[in-house]
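Subject: Structure handover

Hello,

Here is the structure I said I would pass on. Please open it and keep it in view while you read the notes that follow.

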Protein chains: 2
Amino acid sequence: MRPRDTRVKPRSHVSLEDVPTDGAPVVGKDKAAAIARLDGYRVRLEELQELLYAEGKHRLLVVLQAMDTAGKDSTIRHVFRGVDPLGVRVANFRAPSAQELGRDYLWRVHAHVPASGEIAIFNRSHYEDVLVPRVNGAIERAECERRYRQINDFERMLSETGTTIRKFYLHISKDEQKKRLEARRDTPTKRWKFQPGDLAVRAQWDDYRAAYEAVLSATSTRHAPWHVVPADDKLARNLIVSALLIEALEGLDMRYPEPVAGAARTPII
Amino acid sequence: MRPRDTRVKPRSHVSLEDVPTDGAPVVGKDKAAAIARLDGYRVRLEELQELLYAEGKHRLLVVLQAMDTAGKDSTIRHVFRGVDPLGVRVANFRAPSAQELGRDYLWRVHAHVPASGEIAIFNRSHYEDVLVPRVNGAIERAECERRYRQINDFERMLSETGTTIRKFYLHISKDEQKKRLEARRDTPTKRWKFQPGDLAVRAQWDDYRAAYEAVLSATSTRHAPWHVVPADDKLARNLIVSALLIEALEGLDMRYPEPVAGAARTPII
């Protein structure tokens, strides 16, 4: 399995049950070699981010969405460890505030899009607005379809104005989530994260899966593709996300800016 | 001539030479009566803004664009005089900063869209990005067409999420601009406004007119119509803009929120 095989083809129908959550094949039999591979990816990502920043021309937007415990925070920590924080910003989108609810749902995310030379990571995103209200019945199907179109228009505009977009759905199984919630509950240092609300959302697993399938099917575009990343295995998940971001940045054909004419011969007084 | 006759029909071709800049027929023969009419409009606009704010449901976005000296500032001053400043915000968009140029051109305007219950006035707007670079040759025709589409998508999303949009092109003749620039130059209290750059832009009058014609033809939509307002006569201009904003707000069928049950019988201790 190659990382790029996780890409959702535009206008295809996604059935998450048919997509593996087990990424072990990506790691292979030699775990130490896979860890070394991830270290190599980190070095490469650091170089590419430096180049992105120096050139100051392109922008990279990374969107992370997932069921609870699938590892959004952990992915950010492991993939971007070592990358210069000056050029990477994480925007966390939680339940919207009254001020945010007073505008369209794209308002708060637009404020946080990357500037030229920057990487912005959306930890949750505008996609929450086609997931939570859909599952809770707060919006009708027609409104949901309208939002998919609005989101596609918005992302196309971002892409056309210089932003490279990669969207990752971290895909875990219901069994794996059970294990992780149990670990959260039973490990003293993790227990603070355990919230009864997690179980209420878990009870709606099938509804959320259906909502995600609809989102992935409707909003994976050439400009802003979704990747369904197997996430039961954390190392595999990190390898795939890293490899795909490297591929995206390498595709930009970036160059360091030309030095000023005569710079090499300028005496330093 | 009725105020609504200034509306640009979607997908129609606008030829500004064929549209009058003289609004005298709107004022009529009795100027005192017209001034009284404008006073009445102010009172009505104040009432409607209060209702908009109290209901806290709808949002009104007013976009003002025009050639130099056509009176954008003056329109804001005269139409909104008396309206509670708590519920009206003016956003002035000048030449973009380095920070703004580092994102898509809709980024800075999206940040200033009205919240529920608010009126936001864009004094210049995202339309500058399909006027100035087009006239200066900084963008190709194809890029310009792409921006029209992006703008239509953006405004449709705003409209679909609860924002009423009205766009006004204040239409003056080249002769009237000459008079106003001369007055600016020759009146000691106005001279500070006079800039040599004004004349450079005036020299590009035909190019800007063509750019405006393309914009008005491509971006007047059902959701976000343009009005070409005759602006040689300031009173007529103010009457038309006021009447159209009143019509837009009256069309929202707003109501004061229901008082809490039993409020009327609550003893005040």
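The second largest cavity is lined by Met67(A), Asp68(A), Gln177(A), Asp198(A), Val201(A), Arg202(A) and Trp205(A). Its volume is about 40 Å³. Please keep in mind that this is a predicted model, and that every value here is computed from it. Helix α9 of chain A, residues 196-203, contributes the most to this lining, with three residues. By type, the lining of the second largest cavity holds three nonpolar residues, one polar residue and three charged residues.

How many cavities of 30 Å³ or more does the structure hold? There are three. The largest cavity has a volume of about 100 Å³. Residues from chain A in its lining are Leu106(A), Gln150(A), Asp153(A), Phe154(A) and Met157(A). From chain B come Leu106(B), Arg149(B), Gln150(B), Asp153(B), Phe154(B) and Met157(B). The elements that give two or more residues to this lining are α7 of chain A and α7 of chain B. Helix α7(B) has the largest share, five residues. The lining of the largest cavity divides into six nonpolar, two polar and three charged residues.

The most comes from α3(B), with four residues. Of the residues in the lining of the second largest pocket, 14 are nonpolar, seven are polar and 16 are charged.

Now the salt bridges. Side chains of opposite charge can pair when their charged atoms come close. Over all chains, the count is 44 salt bridges. One of them joins Glu160(B) to Arg149(A), with the closest N and O atoms 2.8 Å apart. This pair crosses between chains, and each partner lies in helix α7 (residues 141-160) of its own chain. Arg149(A) is partly exposed, because its relative accessibility is 26%, between the cut-offs of 20% and 50%.

A salt bridge within chain B links Arg180(B) and Glu176(B), at 2.8 Å from N to O. Both residues sit in helix α8 (residues 174-186) of chain B, four residues apart, or about one turn of the helix. Arg180(B) is buried at 12% relative accessibility, and Glu176(B) is buried at 15%. Asp253(B) and Arg255(B) also form a salt bridge, at 3.1 Å from N to O, and both of these residues are exposed. There is also a network of salt bridges that links Asp153(A), Arg156(A), Asp153(B) and Arg156(B). Two of its members, Asp153(A) and Asp153(B), also line the largest cavity.

The last item is the cysteines. A disulfide is a covalent bond between the sulfur atoms of two cysteines.

Regards

Methods
Residues numbered from 1 in each chain as written. Chains lettered and ligands numbered in written order. Predicted model: local features only at pLDDT ≥ 70, side-chain atom pairs only at ≥ 80, totals over all residues. Heavy atoms only, no water. Salt bridge = Lys/Arg side-chain N within 4 Å of Asp/Glu carboxyl O. Buried < 20%, exposed > 50% of the residue type's maximum accessible area, 1.4 Å probe, protein only. Nonpolar A, V, L, I, M, F, W, Y, C, P; charged D, E, K, R; others polar. 1 Å grid on protein atoms, 1.4 Å probe; cavity = no way out; pocket = protein on both sides within 12 Å on 5 of 7 lines; lining within 4 Å. Points joined across faces, edges and corners; volume = space filled by probe spheres on them.
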